Amino acid sequence: MQLLNAVLEGAGIDTSAGLKIVGGKEERYARILLKFADKQAGTVEEIRTMLAAGDNATAERAAHSLKGSAATLGINALADRAGETETAIKQGHGIYEAVEALSGALRTVVSAIQDAVAE
């Protein structure tokens with residue numbers, strides 16, 4: 001498994017930081033990124049569903065979880081958008097705009113991961 005670091009970095013992924021968490025093992029990082037993309041691809045839709053159902057607490061936790069996972073892997077721009085979404089939900093204003101920004105950031109990251117990991 002190989003990583004196209006330029007594609008990842010173009011999407012705001014700090015591959016140096018991400019590789020540190022796996023001891024510099026590129027193949028392991030690639031597998032973790034693929035799992036992240038798979039697991040998180042539907043997170044924004046889940047947040048929207050929770051918000052529509054009035055379950056703001058669960059939506060806030062989902063944004064928080066995405067923020068932490070992204071930050072750990074060096075996906076800083078996405079972590080920032082998730083943090084903004086978490087804060088918007090907590091404060092009760094700017095939620096729509098924050099979720100839309102998060103959606104765009106997540107699409108960019110998932111696409112970059114899928115394009116950058118060659119088996």
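How many helices and strands are there in the protein? I looked this up and found seven helices and two strands, taking both as DSSP runs numbered from the N terminus (helices H or I, at least four residues; strands E, at least two). Along the sequence I read the pattern β-α-α-α-α-α-α-α-β. The radius of gyration is 14 Å, close to the 14 Å of the globule rule for 119 residues, so the protein is as compact as a globular protein of that length. I took this radius over C-alpha atoms, the rule being 2.2 Å times the number of residues to the power 0.38.

I noted that the model is predicted, that local features need pLDDT of at least 70 and side-chain atom pairs pLDDT 80 or more, and that totals for chains, interfaces and linings use all residues. Residues are numbered from 1 along each chain as its sequence is written, and side-chain values use heavy atoms, without hydrogens and water.

I then checked confidence, given as pLDDT (the predictor's confidence in each residue, from 0 to 100). The mean for the protein is 93, and 96% of its residues reach 70 or more. Confidence is lowest in strand β1 (residues 2-3), at a mean of 68, and highest in helix α4 (residues 43-52), at 98.

For extent, I recorded a C-alpha trace spanning about 40 × 20 × 20 Å along its principal axes. Buried residues (under 20% relative accessible area, 1.4 Å probe, protein chains only) make up 40% of the 119 residues. I also looked up contacts (heavy atoms within 4.5 Å): among those between residues at least 6 apart in sequence, 66% join residues at least 24 apart.

Key
Buried means under 20% relative accessible area, exposed over 50%, partly exposed in between (1.4 Å probe, protein chains only).
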